[in-house]
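Hello,

Here is the structure for you to look over. My notes on it follow below.

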Amino acid sequence: MAEARTRRYREPDVHHGSPWPFVIAIGAAVSYVGLVVNLPLMILGLLVFASGAIGWLRDDLRTPPRPFYGVGTGTGAILGRVSARKLATWLFLATEVMFFSAIIGAAWTVRLREAAMLAAGVSGVLPWAYSGQILNVPGTAFVTFVLICSSLTLVEALSAIERGDQKHLRYYLLATMLLGMTFLAFQANEFWHLYFVDHLTFTSAPDMIDPQYGPAFFIQTGTHGAHVTAGVLALAYTNVKAWKGGFTKENHETVELVGLYWHFVDVVWIFLFTLVYLI
């Protein structure tokens, strides 16, 4: 039994030799530098990032999803074994918390500053848009409910594969992806209407609304939409692998990791919906 346990933890070492995570990291670093320096450098970084992600997913489709225990092997008896990919996912989500905190904090700083200037009677300062003035609050509330339901279906998908139920795993994963696509479709339609009909842009706003409202709105919701898009792409990959029988009762870590990211995106949207649409 000891030999079987040792073999189980050593088999996944093949993931440790993959160069694609390093390519992804380099692409992300270059794109972040390009975000500050210039647009071509950012595009180059995004292309490197995309090529690394595609290469890693292509290799992963050809191999069973075994966890690599590169962390916690020496302290397994005390702390328990921690999958390297799960630890990396939690660290990534920690950086995402800081990222969204900075964006939301900056938007609220601008909003409070403009409100203070308006209260002080500074000329030329216009009020922030109030709830429901130009945003579709009822429709957004509905797709918020849709996004919350997608978290529930993903929980059911993970529960299904933990029981070895391939059928319900596939159905719930597909339902999760379709719900995420529904959210994106609504958001794309809302952006189109705000931009071309209401003329809310990064540089302009409808009459009697502070021009700073546009960039604050689009940066917050657009950044979240980009993360939802990434989540839908991850779900598409997970669906492909599930329908090919790539997950088993014993090996289904990818489903769990995609679920962690998706739940995080859902929680962030609950905060954004409250702060941007309701307050």
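Buried residues make up 38% of the 279 residues in the protein chain; buried means under 20% relative accessible area, exposed over 50%, partly exposed in between (1.4 Å probe, protein chains only). This is a predicted model: local features need pLDDT of at least 70, side-chain atom pairs pLDDT 80 or more, while totals for chains, interfaces and linings use all residues. Numbering starts from 1 along each chain as its sequence is written, and side-chain values use heavy atoms, without hydrogens and water.

The protein chain has nine helices and zero strands (DSSP runs numbered from the N terminus: H or I, at least four residues, for helices; E, at least two, for strands).

Now the largest pocket. It holds about 2,300 Å³ of space. A pocket here is an open set of points on a 1 Å grid over the protein atoms alone, where a 1.4 Å probe fits, with protein on both sides within 12 Å along at least five of seven lines; lining residues have an atom within 4 Å of a point. The volume is the space filled by probe spheres set on the points. The lining counts 43 residues, with Ile-24, Phe-49, Ala-53, Trp-56 and Phe-92 nearest the centre. Helices 2, 3 (39-61), 5 (84-119), 8 (213-243) and 9 (253-278) each give two or more residues to this lining. Helix 5 gives the most, with 10 residues.

Leu-35 lies in helix 2 (residues 20-36). Leu-35 is exposed, with a relative accessible area of 59%.

Best wishes
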